[in-house]
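Student: I would like to learn how to read a few features of a protein model. Please take them one at a time.

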Amino acid sequence: MLRLALHACIIAALTALTQLGGIAWALSRLSRHPFAVFAALYVGLALLAVWVAPLTGRTALSCFERGPLQVQSWFYCATNRTYVTPELKAVLEEASSQVEESYPGTQTLVLDANFPFLTGFPLLPHLSHDDGEKVDLAFYYADAAGDHYSGQVRSPIGYFAFEQGPTNCPDTLLSLRWDLDWLQPLWKTFELEPQRNRLLVETLARDQRVAKIFIEPHLKQSLGLTSDKIRFQGCRAARHDDHIHLQL
Ligand SMILES: [Zn+2]
């Protein structure tokens, strides 16, 4: 009984993290070499998804491309979290090319996007990333002198390095607005690079296909952004002073 509960927990965790991992784990239990079979099944399913997902409307952002648009970490590729609709892919490619044109050598980094399948299946902890039309982008950073760090972010997977600023949100445990104060000293002490961040968000906001962009109000103000599409996500959702959220 305990074993069954343990496997149910592992299946749930792998499904939440990777969508396909739970299936691979469940099937691998039928084998006499479950770990090797799990690894093989997982890799097989992940590769198969790259081919099958486009038939149901989503496409994987390339993990090998070395152009202006790149997935920030191998973690997102290995966990099937890089899927978007073809329309969102085009938005991202065009915006990153535009930034690269103004600032040659600039890489725009994608964080969490969506899973390959099933509208309504959220990519935790982002409840809204469930239809291929949402994606998170990393900020651009610079050193104290303002020199851009190409392709680098403050934390290993781009999230949770918060740009502190004034907020009206109360301190509460019952929300997804995590402060993670204990993590902050671990991150690199980069500064935001204002020109590239402003250009990227303005370019996205001008795009007819983009419906909303979430960043914290104090960043919207300090970056001098004015578009109505740039909103505050509310106090109960994740903070948006560590990344940019974009949706069609
Ligand atoms: Zn998001």
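The dialogue below goes through some features of this model.

Tutor: This is a predicted model, in which local features need pLDDT of at least 70, side-chain atom pairs count only at pLDDT 80 or more, and totals for chains, interfaces and linings use all residues. Residues are numbered from 1 along each chain as its sequence is written, and side-chain values use heavy atoms, with hydrogens and water left out.

Student: Is His-7 buried or exposed?

Tutor: Buried means under 20% relative accessible area, exposed over 50%, and partly exposed in between (1.4 Å probe, protein chains only). His-7 is buried because its relative accessibility is 15%.

Student: Which residues is His-7 in contact with, leaving aside its neighbours within four places in sequence?

Tutor: Contact means heavy atoms within 4.5 Å. With those neighbours left aside, His-7 is in contact with Trp-25 and Arg-29.

Student: What is phi of Leu-118?

Tutor: Most residues other than glycine have a negative phi, and most peptide bonds are trans. Phi of Leu-118 is near 70 degrees, a positive value in a residue other than glycine. Leu-118 is exposed, with 57% relative accessible area.

Student: What about Phe-160?

Tutor: Phi of Phe-160 is also positive, near 75 degrees, and this residue is not glycine either. With a relative accessible area of 25%, Phe-160 counts as partly exposed.

Student: Which residues does a cis peptide bond join?

Tutor: The cis bond joins Leu-124 and Pro-125, with omega about 0 degrees.
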